[in-house]
Amino acid sequence: MLAAVYQGIGKIKVEEVDKPPLPLGGLLVKVSCCAICGTDYKLLITENPRFKPPLIIGHEFVGRVVEKGAEVTDFQVGDRLTMATTISCGRCELCHRGLGNLCESRICVGTDIPGAMAEYLAIPALALQRGNVLKVPDGLSDEAAALSEPLGCAINAQLIAKVGLGQTVLIVGAGPLGCLHAELARASGALKVYLTQRSEPRLSLARKLAVDAVIDASAHDPVSEVRRLTQGQGADVVIVTAPNPKAQEE
Ligand SMILES: [Zn+2]
Ligand SMILES: [Zn+2]
């Protein structure tokens, strides 16, 4: 099968590799689509010690079950699914405290085991036992469902920030996560949603979203612009999705 294989900093090559066998008690999935995460993209620029080449990358995917272990009852061949791709052990203290994302024995798809930028993906039994695998409802496109992992990060952040009814929310940065945050804030009942961005083509993209204003941060100071838009009140919640330290300080 073909797969995108990380071969060291700056080198990701599509090449022929062996199709993975069905894991014991797990699933074999034919991948329909896989999004490019910021983590994948950064491998082109800088080293990440967690990624040991050669490695098939990719973890934001949708696929269909083509083979299942005899023990598997919750999934059938043909089911369309996606996954929370950090598989925690379920046995350590952190897992028992509900902090599986910090589990020291966690296994991440596309980092510790081969990822989804490939024609086929092997999903281990542990992922099924831990509830990481999710069926995709009919009516949701493969491309939209593949974003469930970054959307999960956004939902977690907005729960922590307590985004809710009637609030004014400012999102800094209209990259993929900024756009997800904007739509999510709206869905969570925010009254006003503002998005700031300093460059094209993301500015034009942001203007297509259901936000109340898009602030061009290269032309206007976002802080005074938000004060003006809110009659001096400012935002209730500010979510910074830009890695820029200046944006984070403001
Ligand atoms: Zn990701
Ligand atoms: Zn654990």
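User: In which sense do strand 3 and strand 9 pair, and over how many bridges?

Analyst: The model is a predicted one. Strand 3 covers residues 27-35, and one of its residues, Leu27, stands opposite Ile123 in strand 9. The two strands pair in the antiparallel sense, over four bridges.

User: What is the order of the strands in the open sheet of five?

Analyst: The pairing in this sheet is antiparallel. Its edge strands are strand 9 (120-123) and strand 10 (133-135), each of which pairs on one side only. Neighbouring strands are turned by 40 degrees against each other on average, direction ignored. With the edge strands at the ends, the order reads 9-3-5-6-10.

User: Is the pairing in the open sheet of four strands parallel or antiparallel?

Analyst: Strands of a sheet can pair in either way through backbone hydrogen bonds. Here the order is 13-12-11-14, and strand 13 and strand 14 (237-240) are the edge strands. Within it, strand 12 and strand 13 pair over four bridges, with Gln197 opposite Asp216 in strand 13.

User: Which residues of helix 8 are buried, and why do they line one face?

Analyst: Helix 8 spans residues 222-229, and its buried residues are Pro222, Glu225 and Val226. Seen down the helix axis, they fall within an arc of 100 degrees, so they line one face. In general, an α-helix has 3.6 residues a turn, so residues three or four places apart point the same way. The buried residues asked for are Pro222, Glu225 and Val226.

User: Which strands does helix 6 lie across, and at what angle does it run to strand 12?

Analyst: Helix 6 is made of residues 176-187. It lies across strand 11, strand 12 and strand 14, and it runs to strand 12 at about 170 degrees.

User: What is the geometry of the site of the zinc ion (ligand 2)?

Analyst: The protein donors are the SG atoms of Cys89, Cys92, Cys95 and Cys103, lying 2.3 to 2.4 Å from the zinc ion. Their spacing in sequence is C-x2-C-x2-C-x7-C, and both Cys89 and Cys95 are buried. Four donors count as tetrahedral if all angles lie between 85 and 135 degrees. Here the angles are 104 to 117 degrees, and the site is tetrahedral.

Terms used. Residues are numbered from 1 along each chain as its sequence is written. Chains are lettered from A and ligands numbered from 1 in the order in which they are written. This is a predicted model: local features need pLDDT of at least 70, side-chain atom pairs count only at pLDDT 80 or more; totals for chains, interfaces and linings use all residues. Side-chain values use heavy atoms; hydrogens and water are left out. Buried means under 20% relative accessible area, exposed over 50%, partly exposed in between (1.4 Å probe, protein chains only). The arc is that of the directions from the helix axis to the C-beta atoms. Donors are N, O and S atoms within 2.8 Å of the metal (3.2 Å for Na, K and Ca); water is not among the atoms, so sites may look incomplete. Four donors count as tetrahedral if all angles lie between 85 and 135 degrees; four count as square planar and six as octahedral if opposite donors are over 155 degrees apart and all others between 65 and 115; anything else is irregular. Two strands pair if DSSP finds at least two bridges between them. Axes are lines fitted to C-alpha atoms, for helices over the stretch in contact, and angles run from 0 to 180 degrees between N-to-C directions. Contact means heavy atoms within 4.5 Å.
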